[in-house]
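Have a look at it alongside my notes.

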Amino acid sequence: MAWFEWTAAVITAGSVYLAARENIWNWPTAIVSVAMYIIVYVRAGLYSDAGLQGFFLVMSVYGWYQWLYGGESHSQLAVTRASVRVWLWCACLGVAFWFLDGFAMSRLKGVAFPFIDAGTTTVSLIAQWMMTRKILENWILWILVNLVYVPVLLIKGLYPTAALYSVLLLLAIKGLVDWRASYARRHVVTPHPAPLPA
């Protein structure tokens with residue numbers, strides 16, 4: 001399975017690079033990579049992460065549509081910022097899902113790190129939804145998730161995927177920088193010219 005995992009890792013890295021560049025082709029490549037990672041994670045006993053890939057599969061189709069037609073008057077979507085209301089909803093739903101998922105996973109046989117796995121799954125769900133809506137802060141959440149994923153994957157012996165998540169960490173930083181610049185370009189305030197003297 002090593003070649004299969006490496007192939008999935010390369011496709012995923014390419015997909016995230018395209019997302020950082022706001023390139024619509026990140027979604028079809030994401031569909032391929034998450035389908036492959038369902039198999040990788042099931043074999044490793046990371047069932048929350050396997051389920052997460054199924055969610056990513058659905059969200060990739062949704063994100064593809066949203067990026068093309070989710071803007072004003074069904075135009076292409078532009079980068080936005082998360083409101084306080086969005087953060088509050090995400091925090092409330094996220095904490096509830098984390099504990100429910102962690103408790104459920106801890107009762108299954110062969111599950112590795114159930115509450116850590118559930119935590120990274122929860123944050124990833126929120127980050128992925130934010131990405132489909134082109135909310136800038138999705139990259140901050142991906143940075144945090146990748147910082148946790150790398151040591152967990154190393155402990156589980158998933159070395160190609162651990163290498164991938166190290167690359168994804170760097171790509172998330174790039175995505176944050178690029179999307180912040182994209183947001184700033186769309187929100188430049190043009191100063192009014194000074195009135196001419198009478």
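**Entry 1: Gln-128**

My opening question: is Gln-128 buried or exposed? Gln-128 is buried, as its relative accessible area is 7%. I take buried as under 20% relative accessible area, exposed as over 50%, and partly exposed as in between, with a 1.4 Å probe and protein chains only. I found Gln-128 in helix H5. Setting aside neighbours within four places in sequence, I listed its contacts as Trp-27, Phe-55, Phe-56, Met-59, Ser-60 and Trp-142. Contact here means heavy atoms within 4.5 Å.

**Entry 2: ground rules**

I am reading a predicted model, in which local features need pLDDT of at least 70 and side-chain atom pairs count only at pLDDT 80 or more, while totals for chains, interfaces and linings use all residues. Residues are numbered from 1 along each chain as its sequence is written, and side-chain values use heavy atoms, with hydrogens and water left out.

**Entry 3: the whole chain**

I counted seven helices and zero strands, so the order from the N terminus is α-α-α-α-α-α-α; helices (H or I, at least four residues) and strands (E, at least two) are DSSP runs, numbered from the N terminus. The C-alpha trace spans about 80 × 35 × 30 Å along its principal axes. Of the 198 residues in the chain, 44% are buried. I also looked at contacts between residues at least 6 apart in sequence, and 72% of these join residues at least 24 apart.

The accessible surface is about 10,900 Å², and carbon and sulfur atoms account for 72% of that surface. These areas come from the Shrake-Rupley method with a 1.4 Å probe, and for residues only the protein chains shown count as cover.

Then I checked the charges: the chain has 13 positive and 8 negative ones, and their mean positions are 1 Å apart. Lys and Arg count as positive, Asp and Glu as negative, with His and the chain ends not counted. Each charge is placed at NZ of Lys, CZ of Arg, CG of Asp or CD of Glu.

**Entry 4: the largest nonpolar core**

Which residues touch the most other members of the largest nonpolar core? I noted Met-131, Trp-139, Trp-142, Leu-153 and Tyr-165, out of 49 residues. At least two residues of this core come from each of helix H1 (2-20), helix H2 (26-44), helix H3 (47-69), H5, H6 and helix H7 (159-186). H7 gives the largest share, nine residues. A nonpolar core is a set of buried Ala, Val, Leu, Ile, Met, Phe, Trp, Tyr and Cys residues joined through side-chain atoms within 4.5 Å.

I stayed with Tyr-165, which lies in helix H7. Tyr-165 counts as buried because its relative accessibility is 10%. Not counting residues up to four places away in sequence, Tyr-165 touches Tyr-41, Asn-146, Tyr-149, Val-150 and Leu-153. Tyr-165 and Leu-153 are 12 residues apart in sequence, and their C-alpha atoms are 8.8 Å apart in space.

**Entry 5: helix H4**

**Entry 6: the loop between H5 and H6**

Glu-137 sits in the loop between helix H5 (114-132) and helix H6 (138-155). With 6% relative accessibility, Glu-137 counts as buried. Leaving out residues up to four places away in sequence, Glu-137 touches Thr-80, Arg-81, Ala-82, Trp-87 and Met-130.

Lys-134 lies in the loop between H5 and H6. Lys-134 is buried, with a relative accessible area of 5%. Its phi is positive, about 55°, although Lys-134 is not a glycine. Most residues other than glycine have a negative phi.

His-74 has a positive phi near 60° and is not glycine either. His-74 is in the loop between H3 and H4, and counts as exposed at 58% relative accessibility.

Arg-186 belongs to helix H7 and counts as partly exposed at 46% relative accessibility. Which residues does Arg-186 contact, leaving aside neighbours within four places in sequence? I found Glu-22, Ala-78 and Val-79. Arg-186 and Ala-78 are 108 residues apart in sequence, yet 8.4 Å apart in space, C-alpha to C-alpha.
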